[in-house]
Amino acid sequence: MTEQEQLPEQEIYMGEEPPASGWGVFAAMMLYGVSLFAFMAMCVGWGVPNMLQYTAFGMTVDWLWYGLFDGLTAIVAFIAAGAILQGNKIGYYLGLIIATLSAGRWFLFIPAVPFWGLTMIVVWILVIYGLVRDKDSFN
């Protein structure tokens with residue numbers, strides 16, 4: 001056997017970085033999708049402020065600040081998704097921060113909207129998992 005036959009097959013990238021892994025792309029696509037949902041939630045929060053005015057905890061929600069949080073979440077998640085696809089470390093950190101804050105926010109709304117709250121928490125946990133799993137591909 002020659003030396004070439006003994007070596008395991010490896011993909012060679014000529015002058016390019018290897019493509020992003022599946023988990024990183026998954027996290028970026030979920031951040032793009034969630035940024036769209038956050039934008040729609042901002043519009044609903046400002047347009048129909050009594051949608052979730054009282055949560056099951058008995059607190060009233062100030063929809064101006066809640067809508068502002070959703071708007072900032074949408075913008076930062078969109079920027080983070082683009083940075084993740086480019087392999088930037090800032091996208092990794094922004095994605096983790098937004099996912100953690102948003103999961104915590106939806107945790108507070110589980111008593112008021114249980115299905116949607118749990119769904120959003122699962123989505124954010126998957127984003128966090130995808131980013132942490134693909135941590136080494138960010139530079």
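Trainee: Which residues of α5 are buried in this predicted model?

Mentor: The buried residues of α5 are Gly 117, Met 120, Ile 121, Val 123, Trp 124, Val 127, Gly 130 and Leu 131. Buried here requires under 20% relative accessible area.

Trainee: What covers the buried residues of α5?

Mentor: The cover includes α2 (22–47), α3 (63–86) and α4.

Trainee: Why does Ile 128 count as partly exposed?

Mentor: Ile 128, which lies in helix α5, has a relative accessibility of 24%. Buried means under 20% and exposed means over 50%, with partly exposed in between. Ile 128 therefore counts as partly exposed.

Trainee: What does Ile 128 touch, not counting residues up to four places away in sequence?

Mentor: With those neighbours set aside, Ile 128 touches Leu 96, Ala 99 and Thr 100. Ala 27 is itself one of the buried residues of α2.

Trainee: What makes α4 and α5 roughly antiparallel to each other?

Mentor: Helix α4 (residues 89–108) and helix α5 (residues 114–133) pack at an angle of about 160°. Angles over 145 degrees count as roughly antiparallel, and α4 and α5 are therefore described in that way. Their axes are 9 Å apart, and α4 passes α5 in a left-handed crossing. Among the residues making the contact are Leu 96, Ala 99 and Trp 106 of α4 and Met 120, Trp 124 and Ile 128 of α5. By class, the residues of this contact divide into 15 nonpolar, four polar and no charged.

Trainee: Why are α2 and α3 called roughly antiparallel?

Mentor: α2 and α3 pack at an angle of about 160°, with their axes 8 Å apart. The cut-off is again over 145 degrees, and α2 and α3 are therefore roughly antiparallel to each other. α2 passes α3 in a left-handed crossing. The contact of α2 with α3 has 20 nonpolar, seven polar and one charged residues.

Trainee: How do you know that the span of α5 agrees with its number of residues?

Mentor: At 1.5 Å a residue, the 20 residues of α5 should span 28 Å. The end C-alpha atoms of α5 are 28 Å apart, so the two values agree.

Trainee: What span does α2 reach from its first C-alpha to its last?

Mentor: α2, with 26 residues, reaches 37 Å, close to the 38 Å expected at 1.5 Å a residue. Its buried residues include Gly 24, Leu 31, Ser 35 and Met 42, and what covers the buried residues of α2 includes α3, α4 and α5.

Methods:
Residues are numbered from 1 along each chain as its sequence is written. This is a predicted model: local features need pLDDT of at least 70, side-chain atom pairs count only at pLDDT 80 or more; totals for chains, interfaces and linings use all residues. Side-chain values use heavy atoms; hydrogens and water are left out. Axes are lines fitted to C-alpha atoms, for helices over the stretch in contact, and angles run from 0 to 180 degrees between N-to-C directions. Helices (H or I, at least four residues) and strands (E, at least two) are DSSP runs, numbered from the N terminus. Angles under 35 degrees count as roughly parallel, over 145 as roughly antiparallel, 65 to 115 as roughly perpendicular and the rest as oblique. A crossing is left-handed if the near helix is turned anticlockwise from the far one by less than a right angle, and right-handed if clockwise. Contact means heavy atoms within 4.5 Å. Ala, Val, Leu, Ile, Met, Phe, Trp, Tyr, Cys and Pro count as nonpolar, Asp, Glu, Lys and Arg as charged, and the others, Gly among them, as polar. The expected span of a helix is 1.5 Å times one less than its number of residues. Buried means under 20% relative accessible area, exposed over 50%, partly exposed in between (1.4 Å probe, protein chains only).
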